[in-house]
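Open the model in a viewer and keep the sequence panel beside it. The stops below are given in the order in which to select them.

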Amino acid sequence: MTQPASAPARNVPGRRLGRDLAYNLSAFFTGTIAFTLAVTLFSLGIATVIIYIGIFILLGALFTATFFAGAERRIATWATGQLPPTYYRRSTADSTMRRMLDPLRDGQRWKDLIHAVVSFPVRVLAFSVTISWIAAALGGITQWIWERYLPESNVSLLDILRVDPAYHVWIQIGLGLAFLFTLPPISRGLALLQRALAVGLLTNERQAMREEADRLTNSRSSVIAAEADTLRKIERDIHDGPQQRMVRMNMDLEAAKRRLDPQDSATKELLDSALEQSRGALAELRALSRGIAPPVLVDRGLVPALEASAARSPIPVIVEATEPAHGRFAVAIEQAAYFAGVESLTNAAKHSRATGCRLLLDVADGHLALQVRDDGVGGAHLGKGTGLAGLADRLAGVDGTLTVDSPENAGTVISVSIPLGTDG
């Protein structure tokens with residue numbers, strides 16, 4: 001759970017001074033309440049934890065601190081600009097009791113509690129200095145007005161220092177102006193001091209970024225898995241529907257051709273054409289089905305599927321796989337590796353003018369490695385429109401990488417590496 005923040009303050013001197021003053025003065029009151037509640041609830045919780053009720057009081061202390069931490073973040077953002085994001089641990093426990101107690105294991109909530117305590121003296125300092133500076137500035141500038149109403153027995157600091165009374169007014173106004181002109185930087189420094197404390201204890205940008213990265217990774221994995229399921233469903237639908245109908249139509253056309261009058265050459269010519277078209281359509285359907293999610297890949301795994309594809313290649317292909325490579329992997333990984341191998345073999349057959357290929361499969365260091373070597377003319381690269389760029393994009397979906405080594409007249413080596421992760 002990442003907490004959003006409001007828009008930062010605009011860099012206008014008058015507005016900035018107003019926000020700094022408001023931050024320094026208001027934080028004292030919210031900080032006093034937060035400090036009192038945090039210390040009281042934490043002490044009470046520790047004292048009673050032995051009878052279990054203290055656990056729930058500690059939870060109350062953490063949620064109270066989190067509430068005031070949220071208020072502090074909003075005020076600090078309003079006064080000094082956007083703060084880094086904050087991430088609170090999201091409970092994934094199954095039971096209600098575990099979810100209820102999970103905040104006790106959230107480090108950020110404990111940091112909120114620490115902030116409620118350690119920020120209190122800083123807030124007192126900011127409040128006291130700000131009030132004193134304002135009072136000194138206004139008092140010095142206006143002392144010549146109200147000084148006459150002071151008791152005659154009153155002795156000022158200037159009298160003690162034996163300064164000529166004729167200069168008292170000008171010195172008082174000068175001191176007042178000095179406090180007034182130094183009020184903005186002093187107020188700004190105190191506001192930034194409180195902001196630094198808030199950034200240090202109330203934000204955890206790295207954790208928030210890790211949470212966002214994990215969320216995007218899980219989202220991408222879900223999309224890839226859904227795509228794989230959809231492709232398998234389409235392949236089954238093609239195999240069980242149109243493909244079977246085309247087989248039945250071929251059989252019917254063959255039967256009609258056998259019963260045809262041998263003298264009816266015109267009808268025989270039409271049936272031959274229809275048979276040729278239906279056989280072509282059936283072949284295309286089978287090729288399309290294999291290109292989506294071949295049954296052998298789903299049923300028997302990556303190595304048998306690549307061996308079947310190599311057997312259909314117009315150039316001789318030798319498939320070599322280590323023992324670990326014969327295992328089963330996550331669906332998305334098997335599909336990505338399969339299509340990488342098939343596309344590499346297709347490119348070799350179309351463009352390399354090779355007389356032979358070797359396809360190697362291995363598992364090492366948590367990665368599935370696939371390599372296709374040919375003895376062709378070389379010259380292949382990702383940007384040449386050979387389909388390798390699309391293959392690299394597809395591999396990126398599973399964090400895989402594709403490298404091409406293809407010097408002129410020295411063959412081509414296409415290497416694919418796919419991290420197995422926890423799914424492998």
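Begin with helix 7 (residues 205-240) and helix 8, whose axes are 3 Å apart and meet at an angle of about 20°. This is a predicted model, and every stop on the tour should be read as such. An angle under 35 degrees counts as roughly parallel, and helix 7 and helix 8 are therefore roughly parallel to each other. To see the contact, select D237, I238, H239 and D240 in helix 7, then P242, Q243 and Q244 in helix 8. By type, the residues of this contact divide into two nonpolar, three polar and two charged.

Stay on helix 8 and select D252. Helix 8 covers residues 242-258, and D252 lies within it. D252 counts as partly exposed, at 40% relative accessibility.

Next, select residues 23-202. The unreviewed UniProt entry annotates this span as "domain: Putative sensor". The span is 77% helix and 1% strand, and its end C-alpha atoms lie 16 Å apart.

The unreviewed UniProt entry also lists residues 21-43, 49-69, 124-146 and 166-186 under "transmembrane region". Two of these segments can be taken in turn. Residues 49-69 are 81% helix and 0% strand, with end C-alpha atoms 24 Å apart. For residues 124-146 the figures are 100% helix and 0% strand, and the end C-alpha atoms lie 29 Å apart.

Select A136, which is found in helix 4 (residues 107-146). A136 counts as partly exposed, at 24% relative accessibility. Which residues does A136 touch, not counting those up to four places away in sequence? They are G176 and F179. For a distance check, pick F35 as well: A136 and F35 are 101 residues apart in sequence, and their C-alpha atoms are 29 Å apart in space.

Then move to T48, in helix 1 (residues 13-48). Is T48 buried or exposed? With a relative accessibility of 17%, T48 counts as buried, since buried means under 20%. Show the contacts of T48 while leaving aside neighbours within four places in sequence, and the partners are I53, G54 and I57.

**Helix 12 and its partner**

Jump to helix 12 (residues 331-352). At 1.5 Å a residue, the 22 residues of helix 12 should span 32 Å, and the end C-alpha atoms are 30 Å apart, which agrees. Colour helix 12 by accessibility: 16 of its 22 residues are buried, so helix 12 is largely enclosed by the rest of the structure. The residue that follows helix 12 is R353, and its phi is positive, near 55°.

The axes of helix 12 and helix 13 come within 10 Å and cross at roughly 170°. An angle over 145 degrees counts as roughly antiparallel, and helix 12 and helix 13 are therefore roughly antiparallel to each other. On the helix 12 side, the contact is made by Q335, A336, F339, A340, E343, S344 and N347. On the helix 13 side, select L388, L391, R394 and L395. The residues of the contact of helix 12 with helix 13 divide into six nonpolar, three polar and two charged.

The last stops concern backbone geometry. Most residues other than glycine have a negative phi.

Select D365, in the loop between strand 4 (357-364) and strand 5 (367-374). The phi of D365 is positive, near 55°, in a residue other than glycine. D365 is exposed, with a relative accessible area of 76%.

Where is D399? Look in the loop between helix 13 and strand 6 (401-405). The phi of D399 is near 65°, again a positive value in a residue other than glycine. With a relative accessible area of 44%, D399 is partly exposed.

Methods:
Residues are numbered from 1 along each chain as its sequence is written. This is a predicted model: local features need pLDDT of at least 70, side-chain atom pairs count only at pLDDT 80 or more; totals for chains, interfaces and linings use all residues. Side-chain values use heavy atoms; hydrogens and water are left out. Helices (H or I, at least four residues) and strands (E, at least two) are DSSP runs, numbered from the N terminus. The expected span of a helix is 1.5 Å times one less than its number of residues. Buried means under 20% relative accessible area, exposed over 50%, partly exposed in between (1.4 Å probe, protein chains only). UniProt positions are given in the numbering used here, feature names are shortened, and annotations may be inferred rather than shown by experiment. Axes are lines fitted to C-alpha atoms, for helices over the stretch in contact, and angles run from 0 to 180 degrees between N-to-C directions. Angles under 35 degrees count as roughly parallel, over 145 as roughly antiparallel, 65 to 115 as roughly perpendicular and the rest as oblique. Contact means heavy atoms within 4.5 Å. Ala, Val, Leu, Ile, Met, Phe, Trp, Tyr, Cys and Pro count as nonpolar, Asp, Glu, Lys and Arg as charged, and the others, Gly among them, as polar.
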